[in-house]
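Hi everyone, thanks for coming. Let me put a structure up on the screen, and then we'll walk through it together.

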Amino acid sequence: MKKTILLFFLIPFLSLSQEDLLDEIDIDSTGIQYETATFKGLKIVNFESTKLVADNEFTLVVSHRFGSLKNGIDTFFGLDDAVTRINFIFGITDGLNVSVSRSSFMKIYEGSLKYRLFRQEKNGFPFTIVGYNSVLINTAIDKVSYPLLEFKHRVGYTSQVLIARKINSNLSLELAPTVFHENFVVLNEQDNTQYALGIGGRYKLSKRWSLNADYGWHFNRADNSPFKNPLSIGVDLETGGHVFQMHFTNAQGMNTNSFLGQTFGDWGDGNIYFGFNLSRRF
């Protein structure tokens, strides 16, 4: 079993492509040239990017966050407290994806739609705009602790508009206005409907490597909330059409509602997590 898992993670590194995908130009039947490779990963780090899975393509994304580095050797620098998210994504068309996932963080099941509204043109419309909507079910809420708990309290929703621009061959930026709703919140003072703005970017370091970062600015967090805004920094490695993302973040949860609404980590005191996202296309 261990050999099988190891092979799964090594396949991308054994399949290095000689083709520089950044040089692709997408031209439709009308002759319009579109910008490509604004982002190479389906996520910047935590936030969704404007990249979609291609038509009739199936992609498996394994996301992993180890525990906090702050605890040092006691938890083997977070290895003992890791959480995992498995996400299955299918491209119904080039501009419409459907996905289902399960995360060990709060035992969350999630279904989502991701769809392209506009594409950045070489000499025309300046942005790529993508919509993202999801519904999740938190199965970890304890009914013993909350005896009045009903199924509806386990449900949460997310709606995002992803607005990205490829500035030049090296730099891409994205804004992600976000509304998310939790039918159950830990603090009575916290509004169920919450608002945030995601800010992210990618800078190409070389043919295969890029530096990525994103930040979530929460607008209506309760004054007594212990949660923080998520800040994540990492690198992407492109290997033969697959992308391996490695990063440090103060958010251990990987669903949008989780990292925007329930981030405990604090960069200021070293309470951060190492993690990765690995995509495999089939």
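So, to get us going: which residue in β9 does A164 stand opposite? It is E174.

Before we go on, a word on what you are looking at. This is a predicted model, where local features need pLDDT of at least 70 and side-chain atom pairs count only at pLDDT 80 or more, while totals for chains, interfaces and linings use all residues. Residues are numbered from 1 along each chain as its sequence is written, and side-chain values use heavy atoms, with hydrogens and water left out.

Now back to the strands. When I say strand, I mean a DSSP run of E with at least two residues, and a helix is a run of H or I with at least four, both numbered from the N terminus. Two strands pair if DSSP finds at least two bridges between them.

With that in hand, follow E174 onward: its bridge partner in β10 is G200. Strand β10 covers residues 193-204 and runs antiparallel to β9, with eleven bridges joining the two.

Let's pick out V130 next. Its bridge partner in β8 is L162. Buried means under 20% relative accessible area, exposed over 50%, and partly exposed in between, using a 1.4 Å probe and protein chains only. In soluble globular proteins, nonpolar side chains tend to be buried together.

Last stop: R65, which sits in strand β3 (residues 58-68). Is R65 buried or exposed? It counts as buried, because its relative accessible area is 1%. The R65 side chain makes polar contacts with the side chains of N46, at 3.0 Å, and N277, at 3.4 Å. A polar contact here is a pair of N or O atoms within 3.5 Å; within protein, one must be able to donate a hydrogen and the other to accept it, and residues adjacent in sequence count only if both atoms are side-chain atoms.
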